[in-house]
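The points below are meant to be taken in order, with the structure open.

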Amino acid sequence: MARGRIRAKLRKSHLYSFCLFRSSGSGGQSIGGPGFSRTVYCNEPQVLNQKPYRSNIISTTKYNFFSFLPKALYEQFHRVANLYFLGCAIASLTPLSPFSPVSMIAPLAFVVGLSMAKEGLEDWRRFMQDREVNSRKVHVHNEEGGFGKKTWEDVRVGDVVKVEKDQFFPADLLLLSSNYEDGICYVETMNLDGETNLKAKKALEATLGLDEDDNFNNFKGIIKCEDPNPSLYTFVGNLEYEGKVYAIDPTQILLRDSKLRNTEFVYGVVIFTGHDSKVMQNSTRSPSKRSRVEKKMDYIIYVLFSVLLVISLISSFGFAVEIKYSMPVWWFMRPQDADEYYSPKKPVISGLSHMVTALMLYGYLIPISLYVSIEVVKVLQATFINQDIQMYDEDTGIPAQARTSNLNEELGQVDTILSDKTGTLTCNQMDFLKCSIAGIPYGVSPSEVELAAAQQMANDQEDQGELKTLVASKKEKAHKSPIKGFNFEDNRLMNGNWLKEPTAARIMLFCQILAVCHTAIPELNEETGNYTYEAESPDEGSFLVAARELGFEFFQRTQSSVFVREKYTASGKPIEREYKILNVLEFTSKRKRMTVIVRDGEGQILLLCKGADSIIFDRLSKDGKLYLEDTTRHLNDYGEAGLRTLALAYRKLEESEYTAWNNEFQKAKTSIGADRDAMLENAADMMERDLFLVGATAVEDKLQKGVPQCIDKLAQAGLKLWVLTGDKMETAINIGFACSLLRQGMKQICITESGSEDKQEVKEDILKQITNGLEMIKQENDPHAAFALIIDGKTLAYALEDDMKLKFLGLAVECASVICCRVSPKQKALVTRLVKQGTGKTTLAIGDGANDVGMIQEADIGVGISGVEGMQAVMASDFSVSQFRFLERLLVVHGHWCYKRIAQMICYFFYKNIAFGLTLFYFEAFTGFSGQSVYDDWYMLLFNVVLTSLPVMSLGVFEQDVSSEVCLEFPAVYQQGPRNLFFDWYRILGWMGNGLLCSLIIFFINIIILYDQAFRAEGQTADLAVLGTTMFTCTVWSLNCQIALTMSHFTWIQHVTIWGSIAAWYIFLLIYGALSPRISGDAYQILVEALAPAPIYWQTTLLATIACTLPYMAHIAYQRCFEPEDHHIIQEIKYYRKDVEDQHMWTRERSKARQKTKIGFTARVDAKIRQVRAKLNKKQ
Amino acid sequence: MSSSTPSSSAGGVGSADSAAPRRNSKRPKYSKFTQQELPACKPILTPRWVISAFMLVSIVFIPIGVVSLFASRDVVEIIDRYETACVPDGYKNDKVTFIQSNLTKQCNRTLTVKKRMKKPIYVYYQLDNFYQNHRRYVKSRSDSQLKENSSWDDVSSCKPEDTSNGQPIVPCGLIAWSLFNDTYNFSLNDQQLAVNKKGISWKSDRDSKFGKDVFPKNFQNGTLKGGATLNPSIPLSEQEDLIVWMRTAALPTFRKLYGKIEQDLQPNDQIHVTLDNNYNTYSFNGKKKLVLSTTSWLGGKNDFLGIAYLTVGGLCFFLALSFTVVYLVKPRRLGDPSYLSWNRNPGGH
């Protein structure tokens, strides 16, 4: 607590030359008016009984207990097919039905019930998640005057709550006070906007006194403010407290789902609760997404509906004709006694009512079980995704999760990935990796690109022994440093060895700049005795760690001084040095530099400056450019390796010079008016010149494990990766390099805003830049040339306008990589939508923070990174993985499999229902279109549910064209998905044609064989039951053999389902035949007595089965022989174990099996190899 | 030796601790099933497989086809279409009036045996254009009534032939009502040829579907007379003509068993048939045929089966052959990587 106070004072001190908080001018002019009607009685929640606001319970469920049934039913019958079957089920209760009602209603009830159960289960999970949040505990001021624990759901508007360090705020609060005297607190808003740096909030002066539990007993106040709205960065309201009115601005508002950091506790008044809070107002209900395959499936359903309609029309027309002309002469039908339906007098009515019958009869064309089978299959597929041990992160203990199962196959068709940066690609941790001091580079920790390039070359040209040793030496040294933020390794500098360097003085200066030029605060870790640093940005922290490790330990900061302990000195004794801070010129994104002016122990005034290289280089004195050339070279190397660089410089100041400037500066500081900022800027600018360049640092924005490799694989699989980040352009570019999205020699097209006031002018300028970029790409002849598009948020705002966005997209798709920086969450979503709609391809968005939610929801597939705090991204996502690198397996293995499985499954489904359904139609022509089914009701009932459903489901769940290892080794195989090779109309229509053929073969073979002749030696002729059963047997055999032909992967499950289905048919016939004839009718004893002893029955089965599968068999045999697809060849290679015998070939093909890509590690290594080869050639 | 920067990712140590117990529970359990690594056979349609499969089919199918064809050829069949011939000349243009009149319907036909016919010789009647499979017709029966005497009044499904004068009809329904009623008497060389009418129906039908205690009641006593009448003193289980008729045919052209002649017939035997041409097929232009046929192990005369087998077998043989030829002419080494898409058109896809 005491320490906190000190620090609080420090924060207020003149350390900050620029005002930290700017009052927002928007006062409470409109308070009380429309949209600003909220009144909160602080500490008197009971007053609210008169005007209740929403409680703090949040609910993200779709249904509640009562609405589940009607709502879920509505959802189910929203599908055309289901609605159709509902109609059929209702009609089956009338005499029009060709089937018994149970055979229509039972499958529908089963299908709908199963889907609803799934919906219910998913909603239940959401409910449990809500409950977990609602039952979190927080300290709330109670009437007895103390603070007691309450669950979040019980928090009411007006409550005073006390939130402690690292807790989330339970609602939107007005900050009253904190443990710091000046009422500052730090919050982390990662869940809201994805930014990981801490934001300072400051209480009103008036409420600072309320900083202890007891002070609240008599606290009363009234807040009048705006109504709930989704704007995170604005707040309009005022507080009436002790008779005065204070304006409240956003700096006093603590938002729900942000987190208190670096502050022991805060007190706050609840303003917005539950769904009124800004974060909940921001959340949009995740749209229900459907996969491309499923959308296409709808079209197929429509096609089938049209077929159904057509054949029903034919049928009812035929029926009407028969009724009109034949019925009167069919005396055996007693036409004179016929009801309306059969009455020859009213053929039109008969025809119309027969339409209903026909629509029901041919309903088997529409696979009722398709939806439910797909749903079951997808749930099982999702289970496999969840269970995949190779997507389980040992560090966080979180497995991958398919949160919605209806997009599995979409994973196999992704074309563009839109990725967030911080938390997704990077860990948001900076490591000090290299530095250049006085023109000498230090730091030997390997850069991964160099390592891989050398390795690749060594593999390619085995005679180059030199390179090999390089690889070997680098491999040895590649071990991880245990110090967080520090991955530097160089014996020349470590352990005080720098003293022996010839440039020791410069090195010391370099370290001094690192140790002094910052705004961080040291904290003593009492366990280790080490100092840790609380810095504004992680790279500043890494500098201090680096300085500490090099022997310059910053250990104390007072109001006016920085204390540094030097471990290694010429004398060998540690020295503590004090640097009096005279001025701090802070870092801003515009200035891109930070300067401190200090007076050291000897009274010398020093200006220490660190900043972006371009800025510093402009400000060097003539002498200061001594190391400029070397440093620039090193900086380029670092930049190429994806490191974040800063240049360090200093300047010695004369006393008089400083005083003169300081006067000027103070004047500017104390001036009031609009140009104060400009004056300060000018003053700072005056001093920060004539610098002497000391060196440069290279900090690694630590990538998450396996990210470059994963990006590489994804690029090889032909996927495009766009990075959308809220970060600065420089950082984004660095990460681009680190991830191999960018590389040296890649032409960067930076589109920036000119800064002009005129909107039209800016737009024209941007348009010109885009056109130029396109022109440049067109004129490029080098096939290896790659372009990168880099654009920032402000420019993007223009580029996304309707008249320009297509042009922008045109440029972007031409570029190998696209990086958008400084983009807002909204823009992320807009870019995603642009890509999705503009290219018409499948997009996948991946991100970890709440700022990615829009993009995740907008994309065809949203992937959330789980494992970090805050679940917004995950909650909005369709899939969650704990690390970016698991994306590779998710897409390349599971996506590929699922796509193929679902595609094959749907094709087969249509095939089987056409093959079966059309036989019913043909038979109609032989029954005077009367609507008599050739099959027993029970056969039909079982057809979809038992006899043909399990094999196709086992296909959908277990089929693997190639093993997972092969998928990963040959990423190019993934392209079968995005190119939609397995669900194009050619294939779909092919399968439908196959179904048509199959139905014709089965029907006519049976009809002709069992026409009028005896079918047994005992002279009996075939009746309806015999014909139907034989035909059905043929169908069961044909369809199941057909699916066996389409499978390429048989585990025992496939065998059981396929052969079991056929066996099940015979078992059913036996059982059904053994039942009382009252149930089985003409099927009584049919197998035992009539069919099994008749050779013709078995012959017909064999004939029809072979004849049905023959065309498909010939087709696939031909295809494999002469137009093999990639997976065919790989299957064969594996089958003949060629990969083991001829490993060279296998490796060679693996290295070739990538899409031509210009991004990623491999592409970069290739580029590097080209470069080195060119050099080698020159030497020779 | 660890330092931390405050704004880097949150409380690593704390969350790791709390994750520890959770970790085990969330870790997917390894099993070959969940990891989709079950042992599997992955057959491949190699040319050898394809050719052998086609060959195998043709090797199996062609003999079956030949045998079936021979069996079918062994069957001797005499078909006599008589519906026009049995109408007296004066009524040739108005057959319906004739059939509905009270004129005598007797008619004599002579059949010549072309080939030796071995017993049993099955006698069929064949009707044409008779929609026994019409939905209205098929449904018009009551299985429970046929089975048990107790449910003799269960006639709800029999409309419009459910009751007569308010009394339930047994057997009810259109099917029974329209029972075929032509009769045939055969004589060979003036010697009566016995026609065995026992055992022409399915045994299960006699035993279980048509009750031994169910006797015809009120049958054909309505105003509209359909087909045959039944002897009310014989239980349904013994009315085999009815039982055969009640097995509705699948197609509008059908044969039904009339009886068996348990005697060999020699070539050039002249069989005299005295038939009662009672059944009205004239109103719907239906043909009537009398068929005498022997059977083979396959059943009746059925060339199609043999031909179909031969066709499919031949087709498979042809396919096997053409695959072999094509494979010899333009072989593709299995697993030849040069066929991989990235090798075939190196410029990308």
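The numbered points that follow go from chain A as a whole to the interface, and then to particular pairs of residues.

1. A word of caution comes first: this is a predicted model, and the values given in this note were computed from it.

2. Among the contacts in chain A that join residues at least 6 apart in sequence, 74% are between residues at least 24 apart.

3. How many residues of chain B are in contact with chain A? The count is 116 residues of chain B, which touch 143 residues of chain A. Between them the two chains bury about 11,400 Å², and 59% of this area is on carbon and sulfur atoms. Three residues, B:Q36, B:R135 and B:W202, supply 8% of the area that chain B buries against chain A, which is more than any other three residues supply.

4. On the side of chain B that touches chain A, helix α9 (residues 303-329) of chain B gives the most, with ten residues. By class, that side of chain B has 57 nonpolar, 33 polar and 26 charged residues.

5. A:D1023 and B:R247 form a salt bridge in which the closest N and O atoms are 2.8 Å apart. On one side, A:D1023 lies in the loop between α30 (985-1009) and α31 of chain A, while on the other B:R247 lies in the loop between α8 (240-246) and β9 (254-261) of chain B. Are these two residues buried or exposed? A:D1023 is buried, with a relative accessible area of 3%, and B:R247 also counts as buried, at 7% relative accessibility.

6. Over all chains the structure holds 66 salt bridges, and one of them lies within chain A, between A:D393 and A:R885, with the closest N and O atoms 3.8 Å apart. A:D393 is in the loop between α9 (368-387) and β14 (401-402) of chain A, and A:R885 is in the loop between β33 (879-881) and α26 (886-925) of chain A, so this pair ties together parts that are 492 residues apart in sequence. A:D393 counts as buried at 2% relative accessibility, whereas A:R885 is partly exposed, with a relative accessible area of 22%.

7. Within chain B, a salt bridge joins B:D241 to B:K197, the closest N and O atoms being 2.9 Å apart. Because B:D241 lies in helix α8 of chain B and B:K197 in the loop between β8 (195-196) and α7 (203-209) of chain B, the pair ties together parts that are 44 residues apart in sequence. B:D241 is partly exposed, with a relative accessible area of 31%, and B:K197 likewise counts as partly exposed, at 28% relative accessibility. Elsewhere, in chain A, salt bridges that share partners join A:R290, A:E294, A:D298, A:K378 and A:E409 into one network.

8. Aromatic pairs come next, and by the rule used here there are 80 of them over all chains. In one of these, the rings of A:F216 and A:F219 have their centres 5.7 Å apart and their planes at 85°, so the pair counts as edge-to-face. Both A:F216 and A:F219 are buried.

9. A second aromatic pair has another geometry. The rings of A:Y939 and A:F1032 have their centres 5.3 Å apart and their planes at 40°, so the pair is tilted. Since A:Y939 lies in helix α27 (residues 937-947) of chain A and A:F1032 in helix α31 (residues 1024-1046) of chain A, the pair ties together parts that are 93 residues apart in sequence. A:Y939 is buried, with a relative accessible area of 2%, and A:F1032 is buried too, with a relative accessible area of 0%.

Definitions and conventions: Residues numbered from 1 in each chain as written. Chains lettered and ligands numbered in written order. Predicted model: local features only at pLDDT ≥ 70, side-chain atom pairs only at ≥ 80, totals over all residues. Heavy atoms only, no water. Contact = heavy atoms within 4.5 Å. Buried area = accessible area lost by both parts, 1.4 Å probe. Helix = DSSP H or I, 4+ residues; strand = E, 2+ residues; numbered from the N terminus. Nonpolar A, V, L, I, M, F, W, Y, C, P; charged D, E, K, R; others polar. Phe/Tyr/Trp six-rings, centres within 6.5 Å; stacked < 30°, edge-to-face > 60°. Buried < 20%, exposed > 50% of the residue type's maximum accessible area, 1.4 Å probe, protein only. Salt bridge = Lys/Arg side-chain N within 4 Å of Asp/Glu carboxyl O.
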